[in-house]
Amino acid sequence: MSDVLGTSTTEQNNNVVFDRIGMTFQTDAGATQAVANVSGTIPDGKFVSVIGPSGCGKSTLLDMVGGILKPTQGSVSIDGELVTGPRRDTAMVFQEDSTLHWRSVLDNVAFGLEIQGVSKVDRNDRARRMIDLVGLRGFEDHRPGQLSGGMKQRVAIARALAVEPRVLLMDEPFGALDQQTRQFIGRELLRIWERTQNRVLFITHDIQEAVYLSDEVWVMSARPSIVKEIVNIDLPRPRPEGTHALPRFRELEEHLWNLVKVEAEKTLGPGALLA
Amino acid sequence: MSTDVTILAVPKNSDRSGGKKSSALIDNVWRAVVLVAVFLIWGFLSAISDLVSSPVASFLALAEAFADGSIYRHLWSTLNAVVIGFLIAAVVGFPLGYYIGRSKFLGAVFDPIVAGAFATPRVIFFPILLQIFGVGVGAQAAMAALAAVFPIMVSTAAGVRAINPLLPKLARSLSLNPLQTVTKIYIPAMAPSLMVGIRIGFSIAFINVIIAEFFAARAGLGLLALRAYGQLDLPMMYGLITLLTLIALVGNLVLWAIEGHLRKTT
Amino acid sequence: MSTPQIAVKTKHLGAGSVWRRPTFVQWFIIVALLVVLEAATRTGLIVPTLMVPPSEILTRLASIVPTSEFAEDATRTLTTILFAFAIGVAVGIPLGVFLWRIPAAGRILEPFIVTGYAMPTLLFYPILLAVMGLNAGPIILIAATMSLIPIALTTMIALNSIKPILHKLANSVNASPAQYYLKVLFPAATPLVFPGIRLGFIYAVIGTIAMEFILAAQGIGFRAGLYYRELNVSDMWAYIVVVVVVSVVVNGVLTWLEKRIRRDML
């Protein structure tokens with residue numbers, strides 16, 4: 001299928017494959033093409049980040065993998081199966097606080113399992129393990145209203161992980177957090193991912209974050225967006241705290257920044273980023 | 001940053017954002033359709049039931065009352081009572097609601113009292129008002145004032161509390177005097193909730209005047225309706241129901257439109 | 001600018017002065033009002049045709065409450081209120097869900113529903129009486145229409161104000177429509193709908209007692225009106241007190257419930 005990337009049929013069985021997907025929204029102002037002709041593959045166990053200028057359709061891409069938006073062109077398949085709706089083996093984490101404020105932390109984390117019909121004993125057991133994993137032990141009976149923004153996002157991550165997804169979809173999950181919390185929780189995510197080894201599709205605005213977390217960074221162009229370049233992040237894993245200071249890290253960061261800058265200038269006009 | 005994407009991701013919203021003028025027009029056309037439908041159902045009911053007079057007969061009865069001038073005395077009496085009562089309620093209710101809303105302490109003391117009064121059927125006090133003012137417009141106006149003052153206080157206090165706490169700070173930083181703070185900061189910021197108070201206050205004043213006129217009055221549309229019932233004058237009865245509904249509807253639509261406009265602009 | 005000062009002082013002084021305690025001030029106001037009324041009625045400042053001394057009202061109340069007539073009236077009034085409220089909830093909530101689910105219907109019909117606040121629905125009483133007969137039915141229906149309006153409107157507003165992210169979340173975990181309503185929408189909306197439910201109950205109380213007051217031949221509201229016509233001032237006041245106490249207690253219980261629900265769910 002995706003000859004460009006040279007993926008063979010056997011490999012596709014363990015991959016998330018975008019096959020020339022596109023998304024056109026109908027509005028009163030006419031048709032707007034948010035995503036055009038994106039192809040790509042997320043191999044098993046890989047952490048892929050997507051960066052690009054504001055409004056380039058990054059979230060749309062993610063929603064299409066999550067099955068909550070149907071692409072108007074092309075298709076997404078996971079492990080050889082076409083995505084036609086939300087699947088049990090995908091889970092999403094959003095930028096906004098998506099905790100259910102009337103439920104305890106435990107019941108929030110167990111929410112996905114509850115919807116799937118998992119028995120109370122089993123789902124609480126799994127939820128407790130996930131709460132441990134995201135470092136919220138002792139907060140099981142707290143309400144989201146009693147937690148900080150960073151802790152709420154941990155709850156959301158634990159809820160997503162609890163269904164043991166084969167693909168984790170994260171839409172700027174740390175976008176609403178302050179810089180310190182963001183770096184800290186990023187490291188935590190990496191630690192968790194190294195243990196669970198599922199595929200992650202991670203949307204972000206933050207180039208540093210993308211480089212630090214990912215195996216691959218996809219740079220999207222301005223609207224109608226395509227994947228402009230796939231940058232392989234060849235930094236060794238595990239990535240300890242000093243990783244940000246490595247010369248290779250700086251190189252990759254600068255390379256990505258240059259790519260994004262060109263795209264951002266297309267939408268905002270030349271020189272806009274200097275102002 | 002990414003908001004444009006999220007808006008797009010929920011295609012439902014997009015049809016609300018664009019073409020506001022045309023959709024408002026379409027809404028009004030539909031509202032007219034609803035009104036026509038109501039009249040059609042009314043007509044249908046009148047055809048199958050002796051208890052319902054036809055829309056045409058009702059309008060004719062009403063038109064006759066206007067033509068021979070017999071209705072004006074009642075119409076003015078009712079409108080007078082509503083307007084006077086509402087104005088009294090506004091003069092008393094807005095400042096009191098404002099102070100209750102501004103002060104934590106006054107709020108703690110008076111919130112339960114005002115809420116309790118709001119929950120009480122104030123029409124039960126009408127006999128007392130009759131004793132004080134005698135049967136007439138005075139008692140009806142007092143009834144309207146008593147009915148409308150508490151909802152006005154409640155929504156004014158709620159409006160003050162909902163104000164962005166930065167605004168009083170801004171007023172202090174600009175060293176505005178108390179009058180300027182109220183007229184330049186509070187009233188514009190509270191305009192939508194003040195309008196809610198006005199609308200609910202008007203509604204409750206209107207309803208209570210009609211109820212009070214049923215109980216005892218010298219003139220008024222409520223009294224006229226009661227007489228029509230007594231004489232089993234069905235067309236006049238339905239004519240009056242239509243007239244009263246029309247007053248309620250027009251009054252509400254005007255206030256509701258102002259409210260919507262303020263909500264958009266502030 | 002006195003607001004923050006008072007707040008700060010109460011915090012620092014703690015229980016410094018009883019005059020800073022809202023409950024004390026509330027009771028003081030109520031007791032002072034009773035004392036003033038007692039004095040005014042005893043000295044003849046308030047004429048006995050207007051009001052009798054509160055102590056006398058209390059003794060009348062003590063002899064009225066144990067009678068079977070009072071028990072019948074109270075039962076009649078309370079069952080009417082409960083039926084009206086039950087219909088208000090059973091119709092109001094689905095109506096609110098409908099107005100939310102079909103946004104165009106919500107937009108188009110909202111002004112009409114809002115007008116319901118000002119609709120003198122009591123005008124339909126004679127017709128309902130002819131259709132349903134001389135029983136509690138007509139009053140239940142009229143009070144129910146008053147009750148369902150705030151319930152329907154707040155249900156619609158509450159559902160509209162639910163964060164879109166919750167829809168997205170439910171969608172992403174593939175929740176069935178039933179799961180979406182039961183596990184996401186209703187729990188999210190409950191604390192926001194409850195103020196409407198509270199208002200709905202209050203309107204059922206107001207509607208019932210007001211209708212009894214002018215139209216019925218039984219019930220607490222009817223007695224207050226009856227004793228006015230019989231010029232029995234002390235019994236009229238005794239029933240007014242009953243109405244006020246019932247309303248204040250109902251409002252207190254509902255406010256307490258609302259606070260609890262909001263605390264548990266927000």
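This is a predicted model: local features need pLDDT of at least 70, side-chain atom pairs count only at pLDDT 80 or more; totals for chains, interfaces and linings use all residues.
Buried residues make up 45% of the 275 residues in chain A. Of the chain A contacts between residues at least 6 apart in sequence, 70% link residues at least 24 apart.

Chain C is built from 11 helices and zero strands, and its pattern along the sequence is accordingly α-α-α-α-α-α-α-α-α-α-α. For 266 residues, a compact globule would have a radius of gyration near 18 Å, but chain C has 23 Å. In chain C, 71% of the contacts with a separation of 6 or more involve residues 24 or more positions apart.

| Chain | Box of C-alpha atoms (roughly) | Buried residues |
|---|---|---|
| Chain A | 55 × 45 × 40 Å | 45% of 275 residues |
| Chain C | 75 × 65 × 30 Å | 42% of 266 residues |

The largest nonpolar core holds 228 residues, and Ala144(B) and Ala205(B) have the most contacts inside it. Helix 9 of chain C, residues 177-214, gives the most to this core, with 19 residues. Beyond its neighbours within four places in sequence, Ala205(B) touches a set of residues that includes Val82(B), Gly85(B), Phe86(B) and Ala89(B). Ala144(B), Ala147(B) and Ala148(B) are also in contact with Ala205(B).

Methods. Residues are numbered from 1 along each chain as its sequence is written. Chains are lettered from A and ligands numbered from 1 in the order in which they are written. A residue is buried if 20 or more other C-beta atoms lie within 10 Å of its own, exposed if 12 or fewer, and partly exposed in between; C-beta atoms are placed from the backbone. Two residues are in contact if their C-beta atoms, placed from the backbone, lie within 7 Å. A nonpolar core is a set of buried Ala, Val, Leu, Ile, Met, Phe, Trp, Tyr and Cys residues joined through C-beta atoms within 7 Å. Helices (H or I, at least four residues) and strands (E, at least two) are DSSP runs, numbered from the N terminus. The radius of gyration is taken over C-alpha atoms; the globule rule is 2.2 Å times the number of residues to the power 0.38.
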